[in-house]
Amino acid sequence: MKTAVMYGAGNIGRGFIGQVLHDSGYEVAFIDVNMPVVEALNERKAYTQLIVDENGTREVVIDNVRAVDGRVLDNVADEIANCEVMATSVGAKVLRFIAPNIAEGIRRRAAAGRAPVNILICENLMDAAEYLHGLLDPCFAEDEKHLLEATGLVEVVIGRMVPSMSPEMQAGDITRIAVEPYCELPANKDCFKGEIPYVKYMIPFSPFAFFEERKLYIHNMGHAVCAYFGYLKGYNYICEAIADPEIYEKTSSAMLNSARAISKHYGVDAKTLEDHVKELLHRFTNKGLGDTVTRVGQDPMRKLMPKDRLIGAINRCHSENENCDGILRAVAAALKFDVATDNTAPELQKQLAEKGAEAFLTEYTGLGAEDVAKIVAYYNE
């Protein structure tokens, strides 16, 4: 049987891409450094997915899997050298640590006379192919650079929501994972090298930037908007927040602002994207996922960066002369996210206290004076 390598056995690795590769007929070899997960996968040769929606929960067993200790370079490189297709889902900050392992696997493929591999980059990262290429390039000598250029570094968009699993949800099984039914995998058609491998649910598409913006500026942005307004009203879960009519209206307003701008920019039918917004709003109501407001809203400093989900969506609206008041209002809510245990919320509050909202927004987001004034007015409310 043909093998697929899944570099990363975390939430997306097990919760989505591992299943996609399994359903495509591959034996899935997970590579990870979490030894309890590696040992459990090797013991069972399978793991359990819980598919949760408004109709309840059903269990699906993902079998024909195994795991490899990511600390053993020889084993990792051999897996990459012999697979049919590969994917990564390790987190953008971890990619630089695994780049030498990937490079050695590519090198061994060539030495064995195998065709170059296509690598699906399943990271929450814009320009992922360019970023990974930059990490891999120094790993090859000058006379080896052609090996990297022959390798497909393929950007994909992850739309499925997979929450963090609590010990209660795991029910004693560290590999158990809860997911929503949504199963669509857009991929950058222009990044593949050679024949596009068969991967079920994958949608090769060009121009891929459309799907990237749809994910970041509609899905991710709307999710964050719901979280920030939910936090202000004291809700614990996303499904509770979106059930509040006021939060539903504010979240929908922001998402539609962005959807209409993206529709204009890419020449995509507006109704198609408006229907996508309705579908997402419905998906946010999924109680079975147990997704929390604090998890979705976490790291507000990153989410307020110029190209990220909130400010990036505002800039797209401006480029198409579309109204963005719904998103501006959401930025004001993001400034109120004050969770002491969060990665950057304390730093955000510190900068707001030292500089004031107007100066912080002008300096950090790069927004113009009119946008900043509107956000500050909402913030002061």
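The structure holds two cavities of 30 Å³ or more. Here a cavity is a set of points, on a 1 Å grid over the protein atoms alone, where a 1.4 Å probe fits but cannot get out, and lining residues have an atom within 4 Å of a point; an open set with protein on both sides within 12 Å along at least five of seven lines is instead a pocket. Grid points are joined across faces, edges and corners, and volume is the space filled by probe spheres set on the points.

This is a predicted model, in which local features need pLDDT of at least 70 and side-chain atom pairs count only at pLDDT 80 or more, while totals for chains, interfaces and linings use all residues. Residues are numbered from 1 along each chain as its sequence is written, and side-chain values use heavy atoms, with hydrogens and water left out.

## The largest cavity

The largest cavity contains about 70 Å³ of space. Its lining consists of Val157, Gly159, Tyr182, Glu184, Pro186, Arg214, Lys215, His219, His276 and Arg283. By class, three of these residues are nonpolar, three polar and four charged (Ala, Val, Leu, Ile, Met, Phe, Trp, Tyr, Cys and Pro count as nonpolar, Asp, Glu, Lys and Arg as charged, and the others, Gly among them, as polar). Helices α8 (209-232) and α11 each supply at least two lining residues, and α8 gives the most, with three.

His276, one of the lining residues, lies in helix α11 (residues 270-283); helices (H or I, at least four residues) are DSSP runs, numbered from the N terminus. His276 is buried, with a relative accessible area of 7%, where buried means under 20% (1.4 Å probe, protein chains only). Beyond its neighbours within four places in sequence, His276 is in contact (heavy atoms within 4.5 Å) with Arg214 and Ile218.

## The second largest cavity

About 50 Å³ of space lies in the second largest cavity. Met161, His223, Ile238, Cys239, Arg283, Phe284, Asn286, Leu289 and Asp291 form its lining, which divides into five nonpolar, two polar and two charged residues.

## Cysteines

A search of the whole structure finds zero disulfides, a disulfide being a pair of cysteine sulfur atoms within 2.5 Å. Cys83 is in no disulfide, and its nearest cysteine sulfur, that of Cys122, is 13 Å away. Cys83 is also buried, with a relative accessible area of 0%.

The sulfur of Cys324 has its closest cysteine sulfur in Cys317, at 5.3 Å, which is too far for a bond. Cys324 is buried, with a relative accessible area of 4%.

How values were computed: Buried < 20%, exposed > 50% of the residue type's maximum accessible area, 1.4 Å probe, protein only.
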